[in-house]
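Please look at the structure shown below and keep it in view while you read.

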Amino acid sequence: MKTLRILLSVILVLAIALPCDASNDRKTRKKLKKEGLTEVALPLSGPEYRSNKDYYRATQVGEGMDITLARKIATLNARNELASEIKTQISTLSKNYVSGSAVGSDKAYSAKFEEMTYAIVDEILQGSYIKDEKAYQKEDRSYRLYVCVEMPKQELLQKFENTISQKDEAKLEGDIDKFMEEFKKMVLKEE
């Protein structure tokens, strides 16, 4: 008997709550329509398309008269966004590393080191992968293509470590092992 009462109570609450939710949803849609706003679905925008503890990811769009051009533009834009995300993280780390090293007062070394790390990132990101893509044809017969590009963080770290250890500039009076340790901590932190 007690179970039946609980079940009836739950059903009653749901019967009251659901129409209220639908009513609020209609009111919201009317308000947005009045303001001239329409919700737009963004392809490749869910959590599986965002950077996380294992991958750097970026999604971008490209448009062109043929699908190949649209794909190239979208992929280039996504890789540039990925590079920007990584470079932003590296910038602070590089400045801290150089200022804490024996050559911390040498501004030329600092600029050269940061430039070198950026060049390495650009080189490495050429190996990023296309995770997913969605293509749409517009009324004018041109194409809009969305691309999500990803780079496994472990792979980025390995390639970065291999490349930086081969650079003579990085060996100049600096403790590259200390930099790489801090870089690994930064990259592998959970986002």
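**A walk through the predicted model**

At 34% relative accessibility, Lys 184 counts as partly exposed, a class that lies between buried, which means under 20% relative accessible area, and exposed, which means over 50%, with a 1.4 Å probe and protein chains only. This is a predicted model, in which local features need pLDDT of at least 70 and side-chain atom pairs count only at pLDDT 80 or more, while totals for chains, interfaces and linings use all residues. Residues are numbered from 1 along each chain as its sequence is written, and side-chain values use heavy atoms, with hydrogens and water left out.

Which residue forms a salt bridge with Lys 184? The partner is Glu 161, with the closest N and O atoms 3.5 Å apart; a salt bridge here is a side-chain nitrogen of Lys or Arg within 4 Å of a carboxyl oxygen of Asp or Glu. Because Glu 161 lies in helix H4 and Lys 184 in helix H6, the pair ties together parts that are 23 residues apart in sequence. Helices (H or I, at least four residues) and strands (E, at least two) are DSSP runs, and they are numbered from the N terminus. Glu 161, at 28% relative accessibility, is partly exposed.

E3 pairs with E1 in the antiparallel sense over 10 bridges, where two strands are said to pair if DSSP finds at least two bridges between them. Within E3, Val 149 stands opposite Ala 58. E3 also runs antiparallel to E2, to which 8 bridges join it, and here Tyr 146 of E3 is the bridge partner of Lys 134. The hairpin of E2 and E3 has 5 residues between the strands, and in this hairpin Arg 141 takes a positive phi near 75°. As a general point, the side chains in a regular strand alternate between the two faces of the sheet.

Tyr 146 also takes part in an aromatic pair with Tyr 136, which is edge-to-face, with 5.9 Å from centre to centre and 85° between the planes. The rule behind this is that rings of Phe, Tyr and Trp (its six-membered ring) pair if their centres lie within 6.5 Å, with planes under 30 degrees apart counted as stacked, over 60 as edge-to-face and the rest as tilted. Tyr 136 lies in strand E2 and Tyr 146 in strand E3, so the pair ties together parts that are 10 residues apart in sequence. Tyr 136 is partly exposed, with a relative accessible area of 38%, whereas Tyr 146 is buried, at 15%. Another ring, that of Tyr 56, has the charged end of Lys 153 over it, 4.7 Å from the ring centre; for this, NZ of Lys or CZ of Arg must be within 6 Å of the ring centre and within 35 degrees of the ring normal.

What lies in the largest nonpolar core, and which of its residues touch the most other members? A nonpolar core is a set of buried Ala, Val, Leu, Ile, Met, Phe, Trp, Tyr and Cys residues joined through side-chain atoms within 4.5 Å. The largest one has 30 residues, and Phe 160, Ile 164, Phe 179 and Phe 183 touch the most other members. Strands E1 and E3 and helices H2, H3, H4 and H6 each give two or more residues to this core, and H2 gives the most, with 9 residues. Leaving out residues up to four places away in sequence, Phe 179 touches several residues, including Leu 93, Phe 113 and Phe 160, where contact means heavy atoms within 4.5 Å. Helix H2 also holds Thr 75, which is buried, with a relative accessible area of 8%. Apart from its neighbours within four places in sequence, Thr 75 is in contact with Ile 130, Val 147 and Val 149.
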